[in-house]
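Keep the 3D view open as you read.

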Amino acid sequence: MTRDRDSAGRPRNARPRDALGRPLDRAGAQGAGEAGIADDLALAGPDAARLADELLRAGRPFHAHEVLEASWKSGPAHERDLWQGLAQVAVGLTHAHRGNACGAVTLLNRGAQRVRAYQATASPSGRDQPYGIDLAAFLAASDDLAARIERDGLAGIPAADLRPGLITTAG
């Protein structure tokens, strides 16, 4: 089997994926699947937050994770816990969408913990709403969702609860 590699030899996966990031069969999926996030994505913080927010609200947490992961890898070192934690929460949401309650709880909690580590070290001006992200609301939603899944499982979770926004919209 030949692996997808970029010009530097790093692994890439050009295989088509569904809306939750699951690989589709190469042979039967020609032209099918969801548009992915470019491997070399580099967005400024506000743009990354807006795109990740749109993807989460659209029920595409796997793709939001890819945006957040790109920001964690390309952003400033002092923001790494913020972006990595948000990406982990997005992976937790992906697990929930896929029906994996244990993975959802683990990643929702791990991501929230990492975001809180960022908050503990961030300057007061960027601690609560970096790039317009409402960390208090997002963390509360993540904590609540993890507790409900752990207590009751995924069956009774409304679909809307698996689509939390990062940015509070006025309205």
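Predicted model: local features only at pLDDT ≥ 70, side-chain atom pairs only at ≥ 80, totals over all residues.

Helix α3 has 19 residues, and its first and last C-alpha atoms are 27 Å apart, close to the 27 Å expected at 1.5 Å a residue. That expected span is 1.5 Å times one less than the number of residues in the helix.

Residues are numbered from 1 along each chain as its sequence is written, and side-chain values use heavy atoms, with hydrogens and water left out.

Stay with α3, which spans residues 80-98, and find Gln88 within it. Is Gln88 buried or exposed? Gln88 is buried, with a relative accessible area of 13%; buried here means under 20% relative accessible area, exposed means over 50%, and partly exposed lies in between (1.4 Å probe, protein chains only). Leaving aside residues up to four places away in sequence, Gln88 touches Leu107, Arg110, Gly111 and Arg114, where contact means heavy atoms within 4.5 Å. With Arg114 there is also a polar contact, side chain to side chain, at 3.4 Å. Such a contact is a pair of N or O atoms within 3.5 Å; within protein, one must be able to donate a hydrogen and the other to accept it, and residues adjacent in sequence count only if both atoms are side-chain atoms.

Now move to helix α1, residues 45-57. Its 13 residues reach 18 Å from first C-alpha to last, close to the 18 Å expected at 1.5 Å a residue. The buried residues of α1 are Gly45, Ala48, Ala49, Ala52, Asp53, Leu55 and Leu56. Seen down the axis of α1, they fall within an arc of 165 degrees, so they line one face of the helix; the arc is that of the directions from the helix axis to the C-beta atoms. What covers them includes α2 (61-74), α3 and α5 (135-152). After α1 comes Gly59, with a positive phi near 75 degrees.

Finally, step back to the whole protein. There are five helices and zero strands, where helices (H or I, at least four residues) and strands (E, at least two) are DSSP runs, numbered from the N terminus. Buried residues make up 42% of the 171 residues. Among contacts between residues at least 6 apart in sequence, 57% join residues at least 24 apart.
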